[in-house]
Amino acid sequence: MGKRTSEFRGDRMQALRQACGLSRAQLALIAGVSPETVRNAETGSRHPSARVTRALAVALGVPITDLSPPGGAVTLRVLRRRTGLTQRQVAEAVGVSAGMVSKVEAGMYGVRALARWAAAYGVSAKAWTAAWRAGREARKTEAVRTRGERT
């Protein structure tokens with residue numbers, strides 16, 4: 001399924017699907033995913049990828065934020081997932097590899113062409129920089145937490 005959307009609201013998707021009068025199988029057909037993917041997303045047993053989240057939102061006729069609302073630190077990864085883009089799509093827009101996008105999103109590398117990166121994420125340079133810093137801090141916090149668990 002690719003990268004997961006941790007903020008996904010399966011209960012919200014189910015309510016929207018039911019309000020539209022659609023079965024899981026019908027929503028799956030419209031979104032171009034399997035009925036099992038719809039069931040897993042609704043029950044929370046699996047979180048859908050950014051691509052699937054976008055397809056489900058389009059099929060339900062709602063913004064992606066209805067299924068994956070903003071919350072917590074706004075990192076580059078969160079910004080990208082809100083738009084429904086994959087790392088590969090951002091990489092193509094910026095002219096780098098998907099691996100580089102992953103490293104930039106984690107705050108491991110900075111960038112030179114800030115305006116191009118910000119445009120790929122659909123935000124201002126200031127918002128992009130703040131999200132990059134949030135991703136870097138999250139990575140550092142996770143590294144400290146992981147080290148603490150090993151000792």
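## Fold

Helices here are DSSP runs of H or I with at least four residues, and strands are runs of E with at least two. On that basis, the protein chain of this predicted model has 10 helices and 0 strands. Read from the N terminus, the order of elements is α-α-α-α-α-α-α-α-α-α.

Of the contacts in the protein chain between residues at least 6 apart in sequence, 59% link residues at least 24 apart.

## Burial and surface

The protein chain has 151 residues, and 37% of them are buried.

## Packing of α1 and α3

Two packed helices are described by the angle between their axes and the distance between the axes. For helix α1 (residues 10-19) and helix α3 (residues 35-43), the angle is about 120° and the axes lie 6 Å apart. Angles of 65 to 115 degrees count as roughly perpendicular and those over 145 as roughly antiparallel, so α1 and α3 are oblique to each other.

On the α1 side, the contact is made by G10, D11, M13, Q14 and R17. Helix α3 contributes V38, A41 and E42. By class, the residues of this contact of α1 with α3 comprise 3 nonpolar, 2 polar and 3 charged.

## Helix α6 and the residue after it

Helix α6 spans residues 76-83, and its buried residues are L76, V78, L79, R80 and R81. Just after α6 comes G84, which adopts a positive phi of about 80°.

Terms used. Residues numbered from 1 in each chain as written. Predicted model: local features only at pLDDT ≥ 70, side-chain atom pairs only at ≥ 80, totals over all residues. Heavy atoms only, no water. Buried < 20%, exposed > 50% of the residue type's maximum accessible area, 1.4 Å probe, protein only. Contact = heavy atoms within 4.5 Å. Axes fitted to C-alpha atoms, helices over the stretch in contact; angles between N-to-C directions. Parallel < 35°, antiparallel > 145°, perpendicular 65-115°, else oblique. Nonpolar A, V, L, I, M, F, W, Y, C, P; charged D, E, K, R; others polar.
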